[in-house]
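The exercises below are meant to be worked through with the sequence and the three-dimensional view side by side. Try each task before reading its solution.

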Amino acid sequence: MNALPLGLSLAALLAFSGSALAQSVDTSEPVPPKHESWSFNGPFGMYDRASLQRGFQVYKEVCSACHSLDRVAFHDLSDENGGDGFFTDAQVKAIAASYKVPAGPNDKGETVDANGTPLTRPGIPADYFPPPFPNEEAARTANGGTLPPDLSLIVKARDGGSDYVYSIVVGDGMTPPHGFKVIEGKYFDSYFPGRNISMPPPLADNSVTYSDGTNATKAQEAHDVVTFLSWASEPKLEQRHRIGFGVMVFMILLSGLLFLSYRRVWKDEH
Amino acid sequence: MADTTALEPTRRDFIYIATGAVAAVSAAFAAWPFIDQMNPTSAVLAMASIEADISAVQLGQQVVFKWRGHPLFVRRRTPAEIAESKAVDISTLPDPLARNANLPDNAPATDANREIKPEWLVLVGVCTHLGCTPTVSTPQSPQGEYGGWLCHCHGSQYDTAGRIRKGPAPQNLAVPPYSFISDTKLKIG
Amino acid sequence: MSGPSTYVPKSGFARWFDSRLPLMRFAHDTMLTFPTPRNLNFWYAFGAILTVMLGVQIVSGIVLAMHFVPNANMAFDSVENGIMRDVNYGWLIRYLHSNGATFFFIAVYVHMFRGLYYGSYKAPREVLWILGVILYLLMVTTAFFGYVLPWGQMSFWGATVITNLFSSLDQVIPGLGTGITHWLWGDFAVGDATLNRFFSLHYLLPFVIAGVVGLHIWALHVPGNNNPLGIDTKGPQDTLPFHPYYTAKDAFYVALFALVFLGFVFYEPNFFGNPDNYTPANPLVTPPDIVPEWYLLPFYAMLRSVPQKLIGVLVLAGALVTLVFIPWLDTSKVRSSRFRPMMKQFFWIFVVDCMILGYCGSQGADASLEMMQGMTLPLVWVARVATLYYFAYFWVVMPLLGLIETPKPLPASIAQPVLSPAE
């Protein structure tokens, strides 16, 4: 009687382990993301500051044409006064001022000028990155019916995180395998679910010219922009890792002391 | 039965004391985030400092900006208003202090201590009595007897340097921390 | 069983207070001198761990509620812009609360499995067990409401799918199910009205939980704790005062549990979560795979294993209601599975069965496993077998085993467990 339940569970375990062996090339599931090495991985991970600045440049010059970054304010880019950013306050002020944000009503109560164009003003650090399109319908019209997603949380909003975003960016537009039909108006991307992606290949060698002189290969640009987007999704990562280290040390110390106290209390009872 | 006489009381007590101390310190560190989260957020702090464009303000006109949730008066005084303010005897003022965040606390309420440039008066537009917004006095529509402001809530009257002259308000209108970035731009806060 | 109170007020003020409101006496009797079996092991620490986790959730939750906006247009932003980015340490308090829910459920499952293994549900602790089932159901309800609040894609669609279960009642009385569902939603679909009321109830229920925890501990203190041997305490030689023995032991295990919990909070805060919930709710776009949080996956698998909607709901409800009857389903006179060699085997298979159900729940509705020789096994059949075992464990194994099993001889007492070697 003892053997039967054991035997049943053993059989079940064997059957499940066999599943890993049978493989067939299935184009309905995307290829698992490339495994990229990130400076912010691991318990002591930090964002590479130079990479963040380059990545921001890639976002600003390439991606922001279609993708909004609604949840990031200019002042978030600052590293002063305990900020989690990677520019000085002066640089942040200049970056903000280089953007045009929608202006409130003027003294006459108008929100558009004589031509019907919405009024704008230069940005200040308190402003958020203005979206490339005023609303979802305009965004879809400009992009063949597909909505380019906002990128503020994209790394946390996708299974595979930074590796996934990196993979679909570099994998976009590669030659499809023989016989694979790419849908009209879309591009082949083996890392994207369904393998047909609406976004045209966003990056190429020297899409931007890095101000720090780094060689702007496609892989470098992708690595930098994904570092920036990872920061945008998780600006508090460095603070979290820093505090976490102190907490772990304290908890190990406290657990050790509580263990010794417990043993001391129970000394005569064991 | 085990004999429970203390073998070495000092060693036994030390472990409990050390554990208690580490636990107490951990609790204090753990409590801080729960207290600090109620402090103003970074979004609020981003608006703690504003830049105001004063190029369109006419002589004798007041423009109101919003700073840290309060009205901020920027008034371009006429030569007559400046002269009137300078002529006041400080010893007759209900509040003799300048109340200017750019100066030491004990600075007296002379006209010069109430602004950076005499032509431009920058004041926090909150009546020092109970917080209403005073109404500015203009030649077309005088408010109060001193040519400055009248607070309609309880009748406090301020002069052309924003100093309290009559009524229940105990202090002069506050001068916020500010500076001129250029002739037409102020930075407040 | 605790005897008469041994509390002696130490000061004039203590005497004066004790004669008016014996609060210190109550604390002394229940938390300091309470006689507790001397042989409680690691698995018995989870009651204290659960109390701490309830405190963590309430404190972090009240603080989050200072910043959260329960309006469909603002909820997601109030979490992702406000709390996670702007509020000082908001990210920490949010991750404490989301991971706190996960660890709350880890602790409650260990606590419940401990009760099953050691027969803690048996007489005279039936009401204690039932109060525990009520607490579990309150936790599941609270967690369900809470997950909706951030108003991500999973929040919205999880709420839609689960509240839609009530519409299956249309097959019993036409219109009843739809009526109830619209009443729950406050609208014709999950929306702002739903979010607001879920927020109100999510704030309320933890305090109901706290009250029922009080009843739970009261019901425990009448007979006293069970123990790994499953035999009653015979006298003071079998027990130790709760303080300092179990305050010290529980404090250590709480710290270990907190170490693991905080490890996830600081280094893998999104490990147990679903990326789809970082996309704002969109009523027009359904995510490819709607999955609840991991602690609800076994019941989700049971629900989906039945193709017929109403029967699936009844199976799900039956799985939970079954728990109430356990004290009467188990016919064995022996409490602890340490002395029940057959029950022990079935118990561990049951644990694996729950994990299998959880795995099935995590996969898509049409998922299948690739077997040897190119055959595929649809997971829904695995879930069906696993659901069958779940019910069979309580309704067949428990009643039968008491009649046919030969238990090992029980030790004479806790203080002298020499007749059978303890494991």
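Two strands are taken to pair if DSSP finds at least two bridges between them. The structure shown is a predicted model.

**Exercise 1. Determine the strand order of the open four-stranded sheet in chain B, and identify its edge strands.**

Solution. Begin with the order, which is E5-E6-E7-E8 in chain B, with antiparallel pairing. Next, look for the strands that pair on one side only: these edge strands are E5 (135–136) and E8 (164–166) of chain B. Then turn to strand E6 (residues 147–150) of chain B, which is joined by three bridges to strand E7 (residues 157–159) of chain B, the two running antiparallel. Within this part of the sheet, Leu150(B) stands opposite Gln157(B), a residue of E7(B).

**Exercise 2. Describe the overall make-up of chain B, and set its radius of gyration beside that of a compact globule of 189 residues.**

Solution. First take the secondary structure, which comes to three helices and 10 strands in chain B. Read along the sequence, these elements follow the pattern α-α-β-β-β-α-β-β-β-β-β-β-β. The C-alpha trace of chain B spans about 100 × 35 × 30 Å along its principal axes. Finally, consider burial and contacts: 25% of the 189 residues of chain B count as buried, and among the contacts in chain B with a separation of 6 or more, 47% are between residues 24 or more positions apart.

**Exercise 3. Work out which elements of chain C give two or more residues to the side that touches chain B.**

Solution. Start from the contact itself, in which 11 residues of chain C meet nine residues of chain B. The elements of chain C that give two or more residues to this side are helix H3 (46–65), helix H4 (75–86) and helix H5 (90–118). Of the elements on this side, H5(C) gives the most, with three residues. Sorted by class, the residues of chain C on this side are seven nonpolar, three polar and one charged.

**Exercise 4. Decide whether Leu50(C) is buried or exposed, and trace its contacts.**

Solution. Locate Leu50(C) first, in helix H3 of chain C. Leu50(C) has 22 other C-beta atoms within 10 Å, and therefore it counts as buried, since the cut-off for a buried residue is 20 or more. Leaving aside its neighbours within four places in sequence, Leu50(C) is in contact with Ala107(C), Val108(C) and His111(C).

**Exercise 5. Find how domain 1 and domain 2 of chain C meet, and which element gives the most to the side of domain 1.**

Solution. The domain assignment of chain C gives domain 1 as 30–230 + 242–289 and domain 2 as 291–412. The C-alpha centres of these two domains of chain C lie 22 Å apart, and 28 residues of domain 1 are in contact with 25 residues of domain 2. On the side of domain 1 that touches domain 2, the elements giving two or more residues are H5 and H6 of chain C. H6(C) gives the most to this side, with eight residues. By class, this side of domain 1 has 18 nonpolar, seven polar and three charged residues.

**Exercise 6. Examine the backbone at Arg68(B), Trp151(C), Pro124(C) and Pro244(C).**

Solution. As background, most residues other than glycine have a negative phi, and most peptide bonds are trans.

- Arg68(B), which is not a glycine, has a positive phi near 50°. Arg68(B) lies in the loop between strand E2 (62–67) and strand E3 (70–76) of chain B, and it is partly exposed, with 15 other C-beta atoms within 10 Å.
- Trp151(C) also has a positive phi, of about 60°, although it is not a glycine. Trp151(C) is in the loop between H6 and helix H7 (153–163) of chain C, and it counts as buried because it has 27 C-beta neighbours inside 10 Å.
- The peptide bond from Ala123(C) to Pro124(C) is cis, with omega near 0°, and Pro124(C) is found in the loop between H5 and helix H6 (126–148) of chain C.
- His243(C) and Pro244(C) are joined by a cis peptide bond with omega of about 5°, and Pro244(C) is in helix H10 (residues 242–267) of chain C.

Definitions and conventions. Residues numbered from 1 in each chain as written. Chains lettered and ligands numbered in written order. Predicted model: local features only at pLDDT ≥ 70, side-chain atom pairs only at ≥ 80, totals over all residues. Contact = placed C-beta atoms within 7 Å. Nonpolar A, V, L, I, M, F, W, Y, C, P; charged D, E, K, R; others polar. Buried ≥ 20, exposed ≤ 12 C-beta atoms within 10 Å, placed from the backbone. Rg over C-alpha atoms; globule rule 2.2 N^0.38 Å. Domains from an automatic or database assignment.
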